Every structure is written in structure tokens, then in C-alpha cells.
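Please examine the protein model shown here and consider how its fold may be described.

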Amino acid sequence: MFGTKRRRLQREAFEQPFPEHWRPILSSNWPLWNSLTDEARERLEELTKVFVAERRWESARGFELTEPMKVLIAAQACLLILELDEDYFRHVSVIIVHPTTVVLQGPRASDISGMVSDGPQPILGQATDRGPVVLAWDAVAFDARHPARGQNVVFHEFAHKLDMLDGTVDGTPPMPDEATRQRWVKVCTREFKSVGDDGWDPVLRDYAATNPGEFFAVATEVFFTRPEALRDAKVDLYEVLANFYRQDPSSTATPG
Ligand SMILES: [Zn+2]
């Protein structure tokens, strides 16, 4: 999208109030929304309405992509940047929504640089550097309704977009200073290496052990969906994530 058009859409969206009928969409389909403070919800509404307006939305395979779907995707994505600058999503321009699992065919570079795979690969989502975010709607809707499972495809793919901001997918998004970056790398490297050490992990699913990029994306899912469990199991990891996102979701989490 050209800068001027994007700015115009952004300005227009800012000038409009948050549509009343969007609130029940979020409150009835996304339990996490209801656990936010009033202040956080207000800020998230601002981010969401701009996100819905200024991104290009595409549907695949004849899928009918509706406004409520866009709202639910946008609000979840924007939770990640609630306390960051909107600029963190500057490379998010297109969101492609499929009705269900997408099967990738043939040789391709995966969303993790350097990895090439072939053969059919079913995916629930995909993020590419400066490219679109692809999502399977059924997974988006299911994950939003069931945060206790600790999985969320929207958080996952948009975490990859944050990771990609510095041009490399290495599990380290841009950090404010070198000391913070070093602390991040030290904690995440240790935790990444220990995933699955005992044959299982109390909070992170096996996919986190794939590579550092997937580790960050999976850890982000758990940070926002099961913050208390993550804090109790891996306090250092919780702290570096809380420091990066500038949020402490365990303080507002509702039991269950
Ligand atoms: Zn991933």
C-alpha cells in the first residue's frame, strides 16, 4: 500500500469511534478480551479499528471473509503490540484467510530462513518476511475460544512478523539496547535447549524445539494464553517476554 493512501485510511479510522457492534464479537468469541483492564481494552479498540481499515484483506478458495472475522483477527494481532509502537507492524500489509488448513505443495523456503522442504505440508498459518500473513480461519476461531490450550495461531504468526523486523528470523525481535538483547539471548537460548529435555515440557509444546524462531512464536502463544502457567514454570522466560512486550498478562489472567 502506498504511504499516502495508508495514512489517509489510518486518519479516517482514527476519526471514527470504535463500532459498537464489534464489542460483542470480541466478548463472545475471545475470552481473553474480557479479562483485559478497561484501559487496555480501550487502547486495543483503537489499534484494532486502524488495523482492520488499513490492511489489505484477502480470502482464499472462495471463502467469504466477513467483518467479524477481520475484527477477531485484528484484535488478537494487536494485543501483541498493545504497549509497543504501531510501527512494529509496519511490514504487515496483507492478511490472507483460508477456510481451513492450508496444504503447501512442492519445494519451498519455509517461514524460517534457510530451511527448505518439499512434499505436502499442512499448516494453520504462515508469515513471510515483508510478505503476507496466512491464516486458517477455523484454527483462528478455535484458538480464540480456547486459550487454556495455550495455542494461538494469530499470536504465533504475528510474533514471527515481530521477529522478522530486523531481517532475520532468529527468535530475537528488536531490542531497545544491547544489555536487554544479551539477557534475552541468554535466557531464550537456555530455555530453547531445554525444551523436551525430560521428554515433555509443562508449558511449551514440542514445536518450540524446531528452531529459535519457532521457540519465540510458541513462547509468545503461551505468554498471552497461559501467562500464570508460564510464569510458574519458567520465570526467567516470562520476565524477558514481559519486558519485551511491556505487558504482564499474569496480573490480569482469570483462572482456567
Ligand atoms: Zn511458526
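The questions and answers below concern this predicted model.

Q: How many helices and strands are there in the protein chain?
A: The secondary structure of the protein chain includes both kinds of element. The counts are eleven helices and eight strands.

Q: Why is the protein chain described as being as compact as a globular protein of its length?
A: The globule rule gives 18 Å for 256 residues. The chain is as compact as a globular protein of that length because its radius of gyration is close to that value, at 18 Å.

Q: What share of the contacts with a separation of 6 or more comes from residues 24 or more positions apart?
A: Contact here means heavy atoms within 4.5 Å. Among contacts in the protein chain with a separation of 6 or more, the share from residues 24 or more positions apart is 65%.

Q: Which residues of strand 8 point the other way from Val133 and Leu135?
A: In a regular strand, side chains alternate between the two faces of the sheet. Strand 8 covers residues 133-136, and its residues on both sides are buried. Opposite in direction to Val133 and Leu135 are Val134 and Ala136.

Q: Which strand pairs with strand 8 in the parallel sense?
A: Strand 7 (residues 125-127) runs antiparallel to strand 8, with three bridges. The parallel pairing has four bridges, and within strand 8 Ala136 stands opposite His98. The parallel partner is strand 2 (residues 94-98).

Q: Which residue in the turn between strand 7 and strand 8 has a positive phi?
A: These strands form a hairpin with five residues between them, and Ala127 stands opposite Val133 in strand 8. The turn residue with a positive phi, about 60°, is Arg130.

How values were computed
Residues are numbered from 1 along each chain as its sequence is written. This is a predicted model: local features need pLDDT of at least 70, side-chain atom pairs count only at pLDDT 80 or more; totals for chains, interfaces and linings use all residues. Side-chain values use heavy atoms; hydrogens and water are left out. Helices (H or I, at least four residues) and strands (E, at least two) are DSSP runs, numbered from the N terminus. The radius of gyration is taken over C-alpha atoms; the globule rule is 2.2 Å times the number of residues to the power 0.38. Buried means under 20% relative accessible area, exposed over 50%, partly exposed in between (1.4 Å probe, protein chains only). Two strands pair if DSSP finds at least two bridges between them.
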